[in-house]
Amino acid sequence: MSTEVALHDPLSARIESFVRDFVRPVSSAMARGAGPRPKDVVGAAGEAGLAGILTAPDLGGAGGTHRDFVSFIEAVAREDASTAVILDVHLSVGTEPIIVFGDDDQKRRYLSRLARGEWLAGFALTEPAGGSDAAALQTRALRDGDEYVVSGAKTFITGAGDADVYIVMARTGEGRDGISAFIVESRWPGVSAGQPFTKLGLHGSWTGEVVFDSVRVPAANRLGDEGKGFRVAMAALDSGRVGISAQAVGIAQGALDVTVARARERRAAGREVDEMHLADMEAWTAASRALTWHAASMVDAGQNVTRDASVAKLYATDACVSVAHAAVEMCAPDSALDDHPAAVRLRDAKACQIYEGTNQVQRMVIARRLLRVE
Amino acid sequence: MDVRLNEEQMMIRQTVRDLARSRIAPRAAEIDRTGEFPWDVVDLFRQHDLFALPFPPEHGGLSGSALTLNVAIEELAKVCATSALILAVQALGAYPVMIAGTDEQKQRLLPDLAAGKKLAAYALSEPGAGSDPAGMVTRAERHGDEYVITGSKIWITDGGVADTITVFAKTDPAARSKGVSAFVLEDAQQLKGFQASTIHGKLGIRGSNTAELQLDEVVVPAANLLGEEGDGFRIAMRVLDRSRPGVAAQALGIAQGALDYAVGYARERKQFGKSIGEFQGIQFMLADMEAQTAAARAMVYWASQLIDDHSPEVTHHAAIAKLLAGDAAMKVTTDAVQILGGYGYVNEYPVERMMRDAKITQIYEGTNQIQRVVIARDLLRA
């Protein structure tokens, strides 16, 4: 596909051809963990003009909205969730903190390479001892002249081992106000990644540990002020949760597509179809989409989206597991096979309830805001 | 679709919210306890022009937007589902005229409904024809310039208090859906041969009037036939596209009212030395209630906007809105009772009423099983 032509097309057309020409052909290989590596996924998205959907055009991006972003992620996830999460992490939590909190120099140095898909971005917050309690992280960043020396271990990092640059949260002081955010390049001495984990699903996406061993990070790569890193992380997660909601909508829609096709065959053969179950799948998917679009529009309008993003994430990811589970039931017995599209989606869907904050964390976020006395 | 309320809609919402809180909420428990139709609420709606909301300005109305109307229904249902139903049924009873009426019929019938001078009702269900309305047996026979209608209707909301009632009857008893026609009865309660008996003993929406109608050779002028003979079933289905999001809005309001009450209670109620809202078990319930309510709202607004946009997708989305909102109302109100514990189970607190009121939203305007059939058959159409 020619980049010049693609960049002149409207985003919806670029998304459609990227899904048709790149995502669909690799989807079954991705589900087996035998597809293109994450960097090549983002490279292909770059050629299609989609690796910087939220980045401004003068920095090589598409200048799109969050509504465009969620449409993109949903369309990709409908075919393959691994490809979707690679792109989601790159575009939202990997790139967006630089768009929102980066200074001009940081934007110039990183955003165009990320937007063209030359570099892959990752987000390194979670640690072995700091999962849902992100503020308990222990990775340290000690100031040394014009540099920080970063040491610690991060885990469950999407793109680990393939990403060129990580947004890293590290401790410059004590407590929640002692966390700072840094842009760290993986080629710098002291950065290493473990083997990708063997996961329940999302076999095409790499997930693993990233270790920082006395990595010297220029102070010019600190993102935002010292001590403001937790805010960077939480802002990234607000928007990131909207992206995961979109991924969940796509997974649910993909599971529904398979089930509807199967149900039509059964009906044509004069066999019973469980209309009640099928309708629930459709209703949950539609409501998930409505909540996701609503949250995305709130981000575009500059409104605080913390509660609405958590509501969308909770509802859509619970729904996608229920929908995928129903798809496996309604496509039985074929769906008992490892590579059946419904089985793949059930495995992939489960991750959505866990990452970007488990759904238990979403419930805490929502309940605390409900219970706050106005 | 991401639906945003415009400034006018937000203003109307605020007006209705204030009215609901100050004037209707204090009456809600009594309306439920006595089971008497709340004429004072009808008067309140008249004074504040709420009956004008379903109607376009050219017929004496204020809006005609489904989204505006449904936001108002939601606000009323937060405090009193019975009161919300009075507005929803004024719209339901008028829709057949708005959808299929001639200009003459609209000019003649709608302004009095928009002004609240007359109340409307919609008579489709029969003892032997609930989910299967094409199986109705009420007959309408043409005699010159009149039709003579004989049969019975059941579960007719406001059937015992309404003046303007759209009645569906077979003009061709040999046919199923194609034999159904729609007629408007004017000043129905005074018509010879018309008898409404109020049904008592309902689980919820107890102040709402629900009636069984006996029609014994009721004479209707041919000028009150809506559309052509045989159009009735198609009209009824198009009415449901508009009325289901209204019932969904009622369900949404019930859910939101129960959630709001449970949140307030969880803040105040102390056990083991702290408010129960500090316990994760309660927090997780509240969060799920919020998510289900938000999902219902997203679909109610979406379906309402599709009505306002005259979209062909409205049938599908109206069914989804009704299904999700009705199921959410039942689940959220049941959990609200659970959060209040023993206090939730008694009528000194409003949530047991809300739970009883919620149940009907899974049943009327097509049971939620019928909604699922509508949704699934739409998906399966190749």
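Visitor: What makes α4(B) roughly antiparallel to α6(B)?
Guide: The axes of helix α4 (residues 81–100) of chain B and α6(B) come within 9 Å and cross at roughly 165°. Axes are lines fitted to C-alpha atoms, for helices over the stretch in contact, with angles from 0 to 180 degrees between N-to-C directions. Angles under 35 degrees count as roughly parallel, over 145 as roughly antiparallel, 65 to 115 as roughly perpendicular and the rest as oblique. The pair α4(B) and α6(B) is therefore roughly antiparallel.

Visitor: What kind of model is this?
Guide: This is a predicted model, in which local features need pLDDT of at least 70 and side-chain atom pairs count only at pLDDT 80 or more, while totals for chains, interfaces and linings use all residues. Residues are numbered from 1 along each chain as its sequence is written, and chains are lettered from A and ligands numbered from 1 in the order in which they are written.

Visitor: In which hand does α4(B) pass α6(B)?
Guide: The crossing is right-handed (near helix turned clockwise from the far one by less than a right angle; anticlockwise is left-handed). Among the residues making the contact are A88(B) and L92(B) of α4(B) and V239(B) and G246(B) of α6(B). Residues are in contact if their C-beta atoms, placed from the backbone, lie within 7 Å. The contact holds 14 nonpolar, four polar and two charged residues (Ala, Val, Leu, Ile, Met, Phe, Trp, Tyr, Cys and Pro are nonpolar; Asp, Glu, Lys and Arg charged; the others, Gly among them, polar).

Visitor: Why are α9(A) and α11(A) called oblique to each other?
Guide: Helix α9 (residues 306–330) of chain A and helix α11 (residues 359–371) of chain A pack at about 140°, their axes 9 Å apart. That angle makes α9(A) and α11(A) oblique. Their crossing is left-handed. The contact includes L314(A) of α9(A) and I366(A) of α11(A), and by class it has four nonpolar, five polar and five charged residues.

Visitor: How do you know that β2(B) and β3(B) pair?
Guide: Two strands pair if DSSP finds at least two bridges between them, and β2 (residues 139–143) and β3 (residues 146–157) of chain B have five, in the antiparallel sense. Helices (H or I, at least four residues) and strands (E, at least two) are DSSP runs, numbered from the N terminus. E141(B) has V148(B) as its bridge partner in β3(B). Two residues lie between the strands of this hairpin, and G144(B) in the turn has a positive phi of about 60°. β3(B) also runs antiparallel to β7 (residues 210–221) of chain B, joined by nine bridges; there, G151(B) is partnered by L215(B).

Visitor: How many residues of chain B are in contact with chain A?
Guide: The count is 29 residues of chain B against 29 of chain A. α7(B) gives the largest share of the chain B side, 12 residues. That side divides into 21 nonpolar, three polar and five charged residues.

Visitor: What is the predictor's confidence in chain A?
Guide: The mean pLDDT (confidence in each residue, from 0 to 100) of chain A is 95, and 97% of its residues reach 70 or more. Over residues 1–5 of chain A the pLDDT is below 50.

Methods: Two residues are in contact if their C-beta atoms, placed from the backbone, lie within 7 Å.
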